[in-house]
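The following exercises each set a task and then work through its solution. Please study the sequence and the structure before reading on.

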Amino acid sequence: MGGESKYAGLWYVAPYVIGLLLFTAFPFVASFYLSFTDYDLLSKPEWVGTKNYEKLFSRDRTFDKSLKVTLIYVFTTVPLKLTFALFIAVVLNYRLKAINLFRTAYYVPSILGGSIAIAVLWRYIFADTGLVNMLIVSLGGEPINWFGDPTNALFTITLLRCWQFGSAMVIFLAALQSVDKSLYEAASIDGAGPWQIFRNITLPLITPVIFFNLIMQTVQAFQEFNGPYIITQGGPLKSTYLLPLYIYDKAFKSFDMGYASAIAWVLFVIIMVLTLIAFWSSKKWVYYAGDKRS
Amino acid sequence: MKKTFIAALLAASALTSTAQAVELRMSWWGGDSRHLATQEGLKVCGEKHGHVIKPEFTGWGGHFEKVATQIAGKTEADIMQINWPWLPIFSADGNGFADLNTLSGQIDLTQWSADQIEAGSIQGKLNGLPVSTTGRLFVFNKTTWDKTGLALPSTWDELMAAGPVFKEKLGDAYYPFEGIGLDASLLITLYGTQKTGMPLIDPATNKIAWSEADMVDAINYYQTLVDNHVIPSWKDVAAAGNVALHENPKWASGEIGGTYQWDTTYFKISDPLAEGQELSYVGLLSQDGQKTAGIYRKASMVFSISANSANKEAAAQILNCLLNEAEGVAAMGSARGVPSSNTARAALLESGALKPEQVNAQKLVLDATGPAIHPFMEHPDVRSAMQDNLELFAYGEIDAETAASDIFYGIQEALDDIK
């Protein structure tokens, strides 16, 4: 390999590395430092030691509420979304007529998913006079207060995220198609039914992909912002006030960037701990090709 | 001779114009009518002075955060529309924005009264020029009220009595008024201010002027309005999601019969109304034994120039054009209410660009009495202390006494934290 080509690779990766250092690594490190400061954006940060963390864990009721809501949201959204995505992937794995059309149609919400426009649309669909309530009333039911009732509001936001199941579904679909068909034939010959085949052959073989989706969707759910910000502004009674909203409000409304950084780091630690738990538990339920376990 | 002529020409050009043709940015918030008028103003003023001005406009929601982020990153627009209570937040020492006194060569400051200049100044530095004076007023959908046969109210008692009449004559969906969130906070503040004669936060001492009993009384009165079908409950309004009044179909259709709004938002709240609906300002409702009308009046938005702008003089030319010069004033029209600038106000009155409703509303604001407003009343943490606890009260999670106590605690904590 000549000297010129030796450095060519560095040039190729340079844009990504520079971007990573500038827009990810530096803010990451800076936010850790800022979490120990009192910083109002407009003047220089003042070192306050662990004061922000002490306040966070000792007398911030909003943080307690926001953390609780965030955990409920994540532990509801992720299993629901993964289950739904897997179900649709299994259905779309059958050889149906116009299957490619269905696959595309089911993926569309994920293309639109993160946009503000969809959040606004969601707001209109579930509003008191919206489409969902019109349907309920036309079927003889009573309209539901989706956004004004604290118990319903979080569910509505959860539905929005679950509706955007496309990316997880596509990954599941790819995994399903990679399962060796001879295993299905062998199981059928032995008299296994569809459920037994799915539970004992399909599911174990796609556990690496389930694990991957679990990690990705968990991280994404912890970072949810657009939906609750646009649809409910975190209300009512902070029932949809996820931690990213609290971080945003503290940073850009209260000008308490130090405190916001402390919350962000707590959120990071929570995500990291849950990810480590998932990795640790994966030894017991994730099966890779060539795995010697029986 | 030739050299002398060229030298004279150069000297003359240096003296007459210190602002070369440059590219500027201007940011503001508002509704559609304001966006259109301001873009037109920037176009004509840009052509007149030879500059290009890029517009950056949004709705009200999120604009504060946007400006805060830009100022922190020193990437703010050259000319900014700033909410008056933000001045001490962004410029505690007066150096957060350009001192417009130093640009008096480009801006005709004599068009504003000494009080108005004072309102835009911090520590003697003119940080922003008031575009207009604004105040919260009661405004009613006269068309809806006429259907009930009731005259528009002038007292709280009359408003209270209208609730059952609306329900009986127009149905459950119709309410004579509305008020949750910020509007609820300001209604409660108004009621208490009228009763006590004092602002909630005393601008002279930076302390809460009311007693907790005053706050409890005002909160309970608000609840009576809800109980009497005058104001839809917080929970019912929240059912529409996070929707501003002017985007609410119930406002457009006339189901909501009134609101408590800034007089400068006339077009914002009147534009969406269905054909044939008429708005009418009535000033401030009164109560027996009140000590003041309690007007919540302030300099409306101000126009400021960035302290970091590389083209302050050019920006000042454009600012002066928008606020004082005939072309700019005509293009801007009345989208920001009745102008504070004498020359602009006279020009718009003469041309008939100001609607009679706007002129009437402005008179109501200027004539009403009330204690001075503390700019920190609109500090995000103070607002949050009010609104979060009022919401808890409205949902029945806490009683009025607890709400008052927690509001006071939150406001005091915010005042202590504000540098």
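**Exercise 1.** State the mean pLDDT of chain A, and determine in which element of chain A confidence is lowest and in which it is highest.

*Solution.* The model is a predicted one. Chain A has a mean pLDDT of 90, with 96% of its residues at 70 or more. Within chain A, the lowest confidence belongs to helix α4 (residues 99-112), where the mean is 79. The highest belongs to strand β1 (residues 37-38) of chain A, at 96.

**Exercise 2.** Describe the side of chain B that touches chain A.

*Solution.* Begin with the residue counts: chain B gives 21 residues to the contact and chain A gives 22 residues. Next, locate the contributing helices: α3 (63-72), α10 (234-238) and α17 (380-394) of chain B each provide at least two residues of this side. The largest share, six residues, is that of α3(B). Finally, sort the residues of chain B by class: 12 are nonpolar, three polar and six charged.

**Exercise 3.** Give the strand order of the open sheet of five strands in chain B, and explain why one side of each of β2(B) and β6(B) is left without a neighbour.

*Solution.* The order is β2-β1-β3-β13-β6 (chain B), and the pairing is mixed. Strands β2 (52-58) and β6 (129-130) of chain B are at the edges with a single partner strand each, so one side of each has no neighbour in the sheet. Helix α2 (residues 32-49) of chain B lies across β1 and β2 of chain B, at about 170 degrees to β2(B).

**Exercise 4.** Decide whether strand β7 (residues 133-141) of chain B is enclosed or open, and identify its partner strands.

*Solution.* Count the buried residues: nine of the nine in β7(B) are buried, so the strand is largely enclosed by the rest of the structure. Then examine the faces: Leu137(B) and Val139(B) are among the buried residues on one side, and Phe138(B) and Phe140(B) are among those on the other.

Notes
Residues numbered from 1 in each chain as written. Chains lettered and ligands numbered in written order. Predicted model: local features only at pLDDT ≥ 70, side-chain atom pairs only at ≥ 80, totals over all residues. Contact = placed C-beta atoms within 7 Å. Helix = DSSP H or I, 4+ residues; strand = E, 2+ residues; numbered from the N terminus. Nonpolar A, V, L, I, M, F, W, Y, C, P; charged D, E, K, R; others polar. pLDDT = per-residue confidence, 0-100. Pairing = 2+ DSSP bridges. Axes fitted to C-alpha atoms, helices over the stretch in contact; angles between N-to-C directions. Buried ≥ 20, exposed ≤ 12 C-beta atoms within 10 Å, placed from the backbone.
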